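Work through the exercises below with the sequence and the model side by side. Each task is followed by a solution that goes step by step.

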Amino acid sequence: VIIGGAIGLIGAFAAYLFATFHWRVMAIMGKLNLLDNKYAVYRALVGATGVAVLALLVPHTAFWGEAEFLPIATMAPASDLPRIWPTTGLIGFEMDTWWKAMIVGFTRMIAISFTVAGGLRGGFIFPFFATGAAFGRVLEIAIPQLPLQIPVLCMAAGMNVAITRTSLATPLILCFLAGEPCALPSVLAASLCSLFATSYMTFIKTQIARCDIDHSMFHKKLLTKIVDEHGDPDEIDEEEG
């Protein structure tokens, strides 16, 4: 659980890097006046061009990640990638080392940003699952003592929760779709740590502030103050009884 929480914090930091990059992409599109719906076709063309170029260089970035999750998580040969040909792209890319896994992670984040900025379909959830799987393989190679499913699933959960705030649904989806229900405690810890670490990093405009997070973060401090000033409420009740 502790390891899962720590990996969740790493995932939250990776999501912060993505958010910072995406905000800058959106700012550039705003300066180019591409956010106006009158220019929606041009905005989509810019986004599609970015995604296509990345897919030609690193085929693991193509599509939204549902079918690509397993080849990325297992670092399978590029020939196992579905829906794309040639599977190794223009440069014969294979995800077979830690630094190539890192490249897949960063290029997928860039592809997600261009997809969303261009108004294209794809969303965040499964794309971040696949991105987290790539970064999770980097951790697994760096710390080979970790079971493969822990860094992969916890990193995916940490990144997704930081952006979408789905702290309970994400562990359930990841663990049961991956067939790893025993990893649920670690993945849940990763989700909650990521949620608290990024509680003030509102990314999606429709998200609202979570007052329950504020309550959770400061409840212990407030309770300690009350005990110091008035004594333990349980002890007071026993004395009165």
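**Exercise 1.** Decide whether Arg165 counts as buried or exposed.

Solution. Arg165 has a relative accessibility of 13%, and therefore it counts as buried, where buried means under 20% relative accessible area, exposed over 50% and partly exposed in between, with a 1.4 Å probe and protein chains only. Arg165 lies in the loop between α6 (149-164) and α7 (169-177), the helices being DSSP runs of H or I with at least four residues, numbered from the N terminus. Its phi is near 65 degrees, a positive value in a residue other than glycine.

This is a predicted model, in which local features need pLDDT of at least 70 and side-chain atom pairs count only at pLDDT 80 or more, whereas totals for chains, interfaces and linings use all residues. Residues are numbered from 1 along each chain as its sequence is written, and side-chain values use heavy atoms, with hydrogens and water left out.

**Exercise 2.** Find where Phe63 is located, and classify its accessibility.

Solution. Begin with the loop between α2 (40-57) and α3, where Phe63 is found. Phe63 has a positive phi of about 65 degrees, although it is not a glycine. Because its relative accessibility is 43%, Phe63 counts as partly exposed.

**Exercise 3.** Determine whether the peptide bond from Trp85 to Pro86 is cis or trans.

Solution. Omega is near -5 degrees for this bond, which is cis. Pro86 is then placed in the loop between α3 (69-73) and α4 (98-117). Most residues other than glycine have a negative phi, and most peptide bonds are trans.

Notes:
Helices (H or I, at least four residues) and strands (E, at least two) are DSSP runs, numbered from the N terminus.
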